[in-house]
Amino acid sequence: SFFNVHQFQEGMPFVRLLMRRSRTTLSSRMTRFFSSEENRAGAIKDALEKFGAQHLSVKDVSGGCGSFFNVHIVSENFEGMNRVKRERTVHKVLSEHIPSLHGISLRCMTPSQFESEKEEN
(Lines give C-alpha, C1' and ligand atoms only; values in the text may rest on other atoms or scores of the structure.)
Protein backbone atom coordinates (compact mmCIF):
# COMPACT_ATOMS: atom_id res chain seq x y z
CA SER A 1 0.00 0.00 0.00
CA PHE A 2 1.05 3.60 -0.51
CA PHE A 3 1.90 5.88 2.37
CA ASN A 4 1.44 9.53 3.12
CA VAL A 5 4.78 11.36 2.69
CA HIS A 6 4.19 13.58 5.74
CA GLN A 7 3.27 10.61 7.88
CA PHE A 8 6.35 8.78 6.60
CA GLN A 9 8.70 11.64 7.43
CA GLU A 10 7.20 12.39 10.85
CA GLY A 11 7.04 8.78 11.97
CA MET A 12 10.60 7.78 11.07
CA PRO A 13 13.42 10.08 12.23
CA PHE A 14 16.06 7.69 10.85
CA VAL A 15 14.60 7.99 7.34
CA ARG A 16 14.58 11.81 7.67
CA LEU A 17 18.26 11.69 8.60
CA LEU A 18 19.02 9.53 5.55
CA MET A 19 17.03 11.87 3.31
CA ARG A 20 18.94 14.87 4.66
CA ARG A 21 22.26 13.09 4.09
CA SER A 22 21.35 12.06 0.55
CA ARG A 23 20.41 15.67 -0.31
CA THR A 24 23.75 16.86 1.05
CA THR A 25 25.63 14.22 -0.93
CA LEU A 26 23.70 15.09 -4.07
CA SER A 27 24.30 18.82 -3.68
CA SER A 28 28.03 18.30 -3.10
CA ARG A 29 28.17 16.09 -6.20
CA MET A 30 26.35 18.74 -8.23
CA THR A 31 28.76 21.43 -6.98
CA ARG A 32 31.74 19.33 -8.04
CA PHE A 33 30.09 18.59 -11.39
CA PHE A 34 29.44 22.23 -12.25
CA SER A 35 32.78 23.48 -10.99
CA SER A 36 34.52 20.88 -13.14
CA GLU A 37 32.49 22.06 -16.15
CA GLU A 38 33.67 25.62 -15.60
CA ASN A 39 37.31 24.55 -15.31
CA ARG A 40 37.32 22.17 -18.27
CA ALA A 41 38.42 24.78 -20.85
CA GLY A 42 41.28 25.82 -18.58
CA ALA A 43 42.36 22.21 -18.09
CA ILE A 44 42.35 21.61 -21.85
CA LYS A 45 44.35 24.79 -22.39
CA ASP A 46 46.90 23.83 -19.71
CA ALA A 47 47.41 20.37 -21.22
CA LEU A 48 47.96 21.80 -24.70
CA GLU A 49 50.32 24.53 -23.47
CA LYS A 50 52.56 21.77 -22.07
CA PHE A 51 52.54 20.30 -25.59
CA GLY A 52 54.38 23.41 -26.82
CA ALA A 53 51.79 25.51 -28.59
CA GLN A 54 52.86 28.86 -30.07
CA HIS A 55 49.19 29.85 -30.52
CA LEU A 56 46.27 28.30 -28.70
CA SER A 57 42.56 29.03 -28.66
CA VAL A 58 40.04 26.95 -26.67
CA LYS A 59 36.40 28.03 -27.01
CA ASP A 60 33.37 26.46 -25.35
CA VAL A 61 30.75 26.31 -28.11
CA SER A 62 28.26 24.20 -26.17
CA GLY A 63 26.33 27.12 -24.80
CA GLY A 64 28.19 27.17 -21.50
CA CYS A 65 27.81 23.59 -20.30
CA GLY A 66 31.41 22.69 -21.16
CA SER A 67 30.74 19.66 -23.32
CA PHE A 68 31.89 20.82 -26.80
CA PHE A 69 35.00 22.82 -27.62
CA ASN A 70 36.63 24.33 -30.68
CA VAL A 71 40.40 24.11 -30.33
CA HIS A 72 42.85 25.94 -32.61
CA ILE A 73 46.47 25.03 -31.94
CA VAL A 74 49.68 26.07 -33.69
CA SER A 75 52.85 24.13 -32.88
CA GLU A 76 56.22 23.30 -34.39
CA ASN A 77 55.60 19.73 -33.23
CA PHE A 78 53.20 19.33 -36.18
CA GLU A 79 55.94 19.79 -38.80
CA GLY A 80 56.05 16.78 -41.13
CA MET A 81 52.69 15.37 -39.94
CA ASN A 82 49.52 15.10 -41.98
CA ARG A 83 46.20 16.38 -40.58
CA VAL A 84 45.10 13.01 -39.19
CA LYS A 85 48.40 12.41 -37.36
CA ARG A 86 48.24 15.94 -35.87
CA GLU A 87 44.74 15.35 -34.54
CA ARG A 88 45.68 11.95 -33.14
CA THR A 89 48.63 13.57 -31.36
CA VAL A 90 46.34 16.17 -29.78
CA HIS A 91 43.85 13.44 -28.81
CA LYS A 92 46.67 11.62 -26.97
CA VAL A 93 47.59 14.82 -25.11
CA LEU A 94 43.92 15.32 -24.15
CA SER A 95 43.20 11.63 -23.45
CA GLU A 96 42.14 12.25 -19.84
CA HIS A 97 39.73 15.06 -20.85
CA ILE A 98 38.10 13.59 -23.96
CA PRO A 99 35.95 10.88 -22.27
CA SER A 100 33.98 13.57 -20.41
CA LEU A 101 33.34 15.67 -23.54
CA HIS A 102 30.48 15.44 -25.98
CA GLY A 103 32.72 16.63 -28.79
CA ILE A 104 35.83 18.52 -29.76
CA SER A 105 36.71 20.23 -33.02
CA LEU A 106 40.45 20.49 -33.71
CA ARG A 107 42.34 22.80 -36.02
CA CYS A 108 46.03 21.88 -35.88
CA MET A 109 48.54 23.97 -37.82
CA THR A 110 52.26 24.52 -38.17
CA PRO A 111 53.63 28.05 -37.58
CA SER A 112 54.25 28.51 -41.32
CA GLN A 113 50.65 27.54 -42.14
CA PHE A 114 49.40 29.91 -39.47
CA GLU A 115 51.48 32.82 -40.82
CA SER A 116 50.37 32.22 -44.41
CA GLU A 117 46.73 32.12 -43.30
CA LYS A 118 47.16 35.41 -41.40
CA GLU A 119 48.63 37.01 -44.54
CA GLU A 120 45.66 35.86 -46.64
CA ASN A 121 43.20 37.48 -44.25
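# Close-up views of the sheet and its helices

View 1. At a relative accessibility of 1%, V74 counts as buried, because the limit for a buried residue is under 20% relative accessible area. The model shown here and in the views that follow is a predicted one. V74 is part of strand 2. With residues up to four places away in sequence left out, V74 touches A53, Q54, H55, M109, T110, P111 and F114. One of these residues, T110, is 36 residues from V74 along the chain, yet the C-alpha atoms of the two are separated by 5.4 Å.

View 2. The three strands are arranged in the order 1-2-3, and their pairing is mixed. Strand 1 (53-60) and strand 3 (103-109) are the edge strands, each of them pairing on one side only. Direction ignored, neighbouring strands of the sheet are turned against each other by 10 degrees on average. In general, the strands of a sheet pair through backbone hydrogen bonds, in either a parallel or an antiparallel manner. In this sheet, strand 1 and strand 2 run antiparallel and are joined by seven bridges. Strand 2 (residues 68-75) and strand 3 pair in the parallel sense, also over seven bridges.

**View 3. Bridge partners along strand 2.** Which residue of strand 2 is the bridge partner of D60? The partner is F69. F69 in turn has I104 as its bridge partner in strand 3. A further position in this view is N70, which stands opposite S105 in strand 3.

View 4. For the protein with its 121 residues, the buried share is 27%.

**View 5. Helices packed on the sheet.** Helix 3 lies across strand 2 and strand 3, and it runs at about 125 degrees to strand 3. Helix 4 (residues 111-120) packs on the sheet and touches strand 1, strand 2 and strand 3. The direction of helix 4 makes about 90 degrees with that of strand 3.

**View 6. The two sides of helix 3.** Which residues of helix 3 (residues 83-93) are buried? They are R86, T89 and V90. These three residues lie on the same side of helix 3, because they cover an arc of only 95 degrees around the axis. On the other side of helix 3, R88 and K92 are exposed. At the start of the helix, a side-chain oxygen of N82 reaches to within 3.2 Å of the backbone nitrogen of V84.

**View 7. T89 in helix 3.** T89 is found in helix 3. Is T89 buried or exposed at 18% relative accessibility? T89 counts as buried, since the term applies under 20% relative accessible area. A polar atom of the T89 side chain lies 2.8 Å from the backbone oxygen of K85. When neighbours within four places in sequence are left aside, T89 is in contact with F51 and M81.

**View 8. The elements in their setting.** The protein contains four helices and three strands. Along the sequence, these elements follow the pattern α-α-β-β-α-β-α. Among contacts with a separation of 6 or more, 54% are between residues 24 or more positions apart. The accessible surface of the protein comes to about 8,700 Å², and carbon and sulfur atoms account for 53% of that surface.

Methods
Residues numbered from 1 in each chain as written. Predicted model: local features only at pLDDT ≥ 70, side-chain atom pairs only at ≥ 80, totals over all residues. Heavy atoms only, no water. Buried < 20%, exposed > 50% of the residue type's maximum accessible area, 1.4 Å probe, protein only. Contact = heavy atoms within 4.5 Å. Areas by Shrake-Rupley, 256 points an atom, 1.4 Å probe, with all protein chains shown as cover. Arc of directions from axis to C-beta. Polar contact = N/O pair within 3.5 Å; in protein donor to acceptor, adjacent residues only side chain to side chain. Pairing = 2+ DSSP bridges. Axes fitted to C-alpha atoms, helices over the stretch in contact; angles between N-to-C directions.
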